[in-house]
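Dear colleague,

Please find below the structure that I am handing over to you. My notes on it follow.

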Amino acid sequence: MTSGISRRARVLAAAVGTGVLVPLVAAATPAAAAPPAVTCMSAKAGLAAKLKKDITAALATRKGTVAVGLYDRSTNTTCTLRASSAYDSASVVKVTVLATLLWDAKKSNRYLTDRENTLAKAMITKSDNAATSTLWKQLGMTKIKNFLKAAGMTQTKPGANGYWGLTQITVTDEQKLLKLLTAKNAVLSDNSRAYIVKLMGQVVSSQRWGTPYGVPSGVSVAVKNGWLQRSTNGWRVHSVGAFKGGGHDYVMTVLSHGNSTMNYGIATIQAVAKVIHKDLAAS
């Protein structure tokens with residue numbers, strides 16, 4: 001044992017004395033994990049590669065955490081990014097609320113009442129929160145969970161204590177719901193599907209931003225958006241949409257949080273939507 005000076009210290013002192021530069025921190029700092037990549041598949045030659053490249057480029061300079069889902073029946077095209085990441089739903093969950101209401105009414109072999117129709121229209125076309133709270137309370141957690149189970153939306157967790165806007169949603173489940181709305185299935189009747197899509201097509205102009213951005217003329221639009229600011233992860237800004245025409249039949253989900261402002265989130269979503277519409281129209 002030497003006079004309390006560690007071997008490392010002696011080596012360092014000797015090296016310094018000889019003019020050799022010795023790093024004080026020998027271990028390299030591990031590189032940050034690479035962000036998840038956009039994944040695309042398509043039956044149409046070249047389309048998947050084009051979409052992957054353009055969606056990636058659209059997000060390259062954007063801050064925040066963004067999740068993307070695209071499915072086009074016409075070309076059997078799918079794109080995903082962070083498909084299973086959970087986000088606070090904000091008002092996007094209102095489509096699920098209406099789907100649950102219609103699913104439950106069908107089970108009881110009844111039509112919606114005039115009151116329910118009025119609430120549903122306000123909830124979807126104007127994103128009315130009071131109407132949503134009324135329907136959420138009327139349905140109750142059991143019926144909402146039962147619909148999610150029937151729809152296969154296993155990643156969606158309803159918000160507790162009436163906080164429907166804090167329901168946890170994922171791209172995977174939102175895409176499942178949009179697919180149910182836009183093709184015949186055993187969960188929602190044809191009339192129910194048509195009713196939801198009709199209301200999503202009547203959303204007030206000030207709320208028609210997001211996934212419809214850059215949609216080609218002649219393509220029908222059904223949209224529902226959500227936005228919510230919280231102390232953590234800044235603004236949540238989301239948009240789900242269904243589009244049909246121009247030889248395509250597709251649904252799109254873009255979820256985001258960590259946005260500095262609502263408008264910043266909208267711009268991010270619209271950058272993604274624009275290239276998706278453009279690439280599909282050109283295919």
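The bend at a residue is the angle between axes fitted to the seven residues ending there and the seven starting there. Helices are DSSP runs (H or I, at least four residues), numbered from the N terminus. Please note that this is a predicted model, in which local features need pLDDT of at least 70 and side-chain atom pairs count only at pLDDT 80 or more, while totals for chains, interfaces and linings use all residues. Residues are numbered from 1 along each chain as its sequence is written, and side-chain values use heavy atoms, with hydrogens and water left out.

Helix H5 covers residues 129-151. A kink of about 90 degrees is centred on Gly 140. The end C-alpha atoms of H5, which has 23 residues, are only 24 Å apart, whereas a straight helix would reach 33 Å at 1.5 Å a residue (the expected span is 1.5 Å times one less than the number of residues).

Just after the helix, Gly 152 has a positive phi of about 75 degrees.

Several residues of H5 are buried, among them Trp 136, Leu 139 and Phe 147 (buried means under 20% relative accessible area, with a 1.4 Å probe and protein chains only). Their cover includes helices H3 (94-107), H4 (114-125) and H6 (171-182).

Glu 174 lies in helix H6 and is buried, at a relative accessible area of 2%. Leaving aside neighbours within four places in sequence, Glu 174 is in contact (heavy atoms within 4.5 Å) with residues including Val 92, Met 153 and Thr 253.

Yours sincerely

Notes
Helices (H or I, at least four residues) and strands (E, at least two) are DSSP runs, numbered from the N terminus. Buried means under 20% relative accessible area, exposed over 50%, partly exposed in between (1.4 Å probe, protein chains only).
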